[in-house]
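Subject: Structure for you to look at

Hi,

Here is the structure I promised to pass on. Please open it beside this email and follow along.

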Amino acid sequence: MTHNCIHWFRKGLRLHDNPALVSALRDCKDLYPVFVLDPHLYNSDHMGINRWRFLVGCLHDLDCSLRKLKSRLFVLRGHPEDVFPELFKKWDVTKLTYEYDTEPYSLSRDGKVTELAERHGVEVVYKISHTLYDMDRVIEENNGKAPLTYNRMQAILKSLGPPKKPVPAPTLEDMNEIKTPYTENHEEEYGIPPLGELCEDTAAPGEEKFPGGEEEALRRLDEHMKRTAWVCKFEKPQTSPNSLSPSTTVLSPYVTFGCLSARTFWWRLAGGYQGNKHSSPPVSLHGQLLWREFYYAASVGIPNFNKMVGNPVCTQVDWDSNPELLAAWREARTGFPFIDAIMTQLRQEGWIHHLARHAVACFLTRGDLWINWEEGQKVFEKLLLDGDWALNAGNWLWLSASAFFHQFFRVYSPVAFGKKTDKNGDYINVQQAAGCIVGKDYPQPIVKHEEIHKKNIQRMKLAYAKRSSDAAVSPNKKQGWTTDTATGTAAPPPAATSLMSGQRPGRVQPLTLTSLNSNTALL
């Protein structure tokens, strides 16, 4: 039997390691590669100008790659459940393929489209390739629950064996008897819309340091893999949050949009490690990919994962609602040069180092402003090129000490932390050249850190006391104890830890670069 097949591109914006696309080519006569600009996902709330520009770059790159196979990309707008029934009829479609997506909205959307496909007699095939492992299988191996520690996740994955090997990209030979029917007016009907038409942001985008697309992703991967010694020695906490050039790979946006397959990345790293002494998870590059798997499993197994209310592992905190403070944080007007420089870089480039993310997330939530982590999550989702739904939620839960990480008394200083790795202040600004003299032109700090963070520690202590009295909310079966995500070992609650170590309850312990290895920026 020969099919007229739609391959539905969503996150997997690549040809390499795309098993669903390979499945589309099997017994295929006419192939229609489709991307749908779903207004639920692609709108001004979810997409800042840098994310839009990255996506447009990805789509142009994908169309270019398809042209080399004598095919084209068809870009449509609308809700998928409205778009696909028309395409099924128009193109006489008999098969639909796509890469599996675990996000709640995606699962609901795909369920609707699958039901519609069945009504139209269209076979539906999906493949798992956005993650290294099948998340449902991971949860099944953990007695039906999401693993809540990194060590437990590692143990489960070890029992499952190494990730599957990536599949090759289709070749011209694979497309020998397959055609993509498109007309001379393809650009008018199915072309990629220009950035100005998609993005409501009227500000001109800055320099594009990280162009979107599979070709760029593979080029960057190749460049990094040439640095074998650096790859083998890589330990994420030892990289600098305020270096003027990224001290990590910045491959996370490419993995997020699926321009780079996580499995391809994993096995290229495995090849580089072979025969060489190398770092290990959780701090190695393999370890960063496993952090990604950890948060994906958590997002699948934990209800309301991106919310505080209704999330069974999230500490319920009485966060303040303060639009003025939130706006000052978002717009880089806090009066703390380190915090404002990070937020400025985020808006201009769409990427910031993972430790920089730690600093601004702690500042917004439990450290200084006492604002709900959900508000920070929204800002990051819009502005980060690697604003992955599962990782974004998981890391805000972590950095706000709402879940996974429970040592809330470890607080980042918005001044001292930046000084550790930027003693000369190169990252924050050059005052004279910028025409911005601290104390003269620069705003005063919006809070007194030395006072407010101590009050906030007490507020967190109360939230934890309330949580530990409710066994149903405790992430660990052993009530009143938490589990360290780095070691997987049980430990007393933070207040008890302070007393046992001879410290006064609530006294701030120094926060070292190795204290938090959470996969905030991925790489």
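Start at threonine 365. Leaving aside neighbours within four places in sequence, Thr365 is in contact with Trp319, Trp370, Ile371, Asn372, Trp373, Trp396, Leu399, Ser400 and Asn456. Threonine 365 sits in helix α16. Is this residue buried or exposed? Threonine 365 counts as buried because its relative accessible area is 0%, and the cut-off for buried is under 20%. Please keep in mind that this is a predicted model.

Asn372 caps the N-terminal end of α17. A side-chain oxygen of Asn372 lies 2.9 Å from the backbone nitrogen of Glu374. Helix α17 covers residues 373-383. Its buried residues are Trp373, Glu374, Gly376, Gln377, Val379, Phe380 and Leu383. What do they pack against? The partners are α2 (49-67), α14 (323-330), α15 (337-349), α16 (354-367) and α18 (389-399).

Now move to α18, where you will find asparagine 395. Asn395 is buried, with a relative accessible area of 4%. Its side chain makes a polar contact with the side chain of Tyr295, at 3.4 Å. A polar atom of the Asn395 side chain also lies 2.8 Å from the backbone oxygen of Leu391.

Ala401 is in the loop between α18 and α19 (416-421). Its phi is near 60°, a positive value in a residue other than glycine. Ala401 counts as buried, at 0% relative accessibility.

Next, the empty spaces. Rolling a probe the size of a water molecule over the atoms shows where empty space is left. The largest pocket has a volume of about 840 Å³. The elements that give two or more residues to its lining are β1 (3-9), β2 (28-37), α2, α4 (104-119), α17 and α18. By class, the lining has 17 nonpolar, 10 polar and 13 charged residues.

There are cavities too. A search of the whole structure finds five of 30 Å³ or more. The second largest cavity has a volume of about 80 Å³. Its lining is made by Tyr100, Thr102, Ile128, Ser129, His130, Thr131, Tyr133, Asp134, Met135, Asp136 and Tyr296. Five of these are nonpolar, four polar and two charged. Which domains supply the lining? Domain 1 (1-130) and domain 2 (131-165 + 214-301) each give at least three residues.

Tyr100 is one of the residues lining that cavity. Tyr100 is in the loop between β4 (95-99) and α4. Not counting residues up to four places away in sequence, Tyr100 touches Arg10, Leu107, Tyr126, Lys127, Ile128, His130 and Asp136. Take Arg10 as a case. Tyr100 and Arg10 are 90 residues apart in sequence, but their C-alpha atoms are 9.3 Å apart in space.

Serine 245 gives another such pair. The C-alpha atoms of Ser245 and Tyr427 are separated by 10.0 Å, and the two residues are 182 apart along the chain. Ser245 is in the loop between α10 (228-233) and α11 (252-256). Ser245 counts as exposed because its relative accessibility is 52%, and the cut-off is over 50%.

Helix α3 covers residues 80-90. Buried there are Pro80, Val83, Phe84, Pro85, Leu87 and Phe88. They pack against β1, β2, β3 (74-77), β4 and α4. Just after α3, Asp92 takes a positive phi of about 55°.

Two backbone details are left. Asp27, in the loop between α1 (19-25) and β2, has a positive phi near 55°. Asp27 is partly exposed, at 49%. Then there is a cis peptide bond between Pro281 and Pro282, with omega about 10°. Pro282 lies in the loop between α12 (262-273) and α13 (285-301).

Last, the whole chain. It has 22 helices and seven strands. Of its 523 residues, 57% count as buried. Among contacts between residues at least 6 apart in sequence, 80% join residues at least 24 apart.

Best wishes

Notes:
Residues numbered from 1 in each chain as written. Predicted model: local features only at pLDDT ≥ 70, side-chain atom pairs only at ≥ 80, totals over all residues. Heavy atoms only, no water. Buried < 20%, exposed > 50% of the residue type's maximum accessible area, 1.4 Å probe, protein only. Helix = DSSP H or I, 4+ residues; strand = E, 2+ residues; numbered from the N terminus. Contact = heavy atoms within 4.5 Å. Polar contact = N/O pair within 3.5 Å; in protein donor to acceptor, adjacent residues only side chain to side chain. 1 Å grid on protein atoms, 1.4 Å probe; cavity = no way out; pocket = protein on both sides within 12 Å on 5 of 7 lines; lining within 4 Å. Points joined across faces, edges and corners; volume = space filled by probe spheres on them. Nonpolar A, V, L, I, M, F, W, Y, C, P; charged D, E, K, R; others polar. Domains from an automatic or database assignment.
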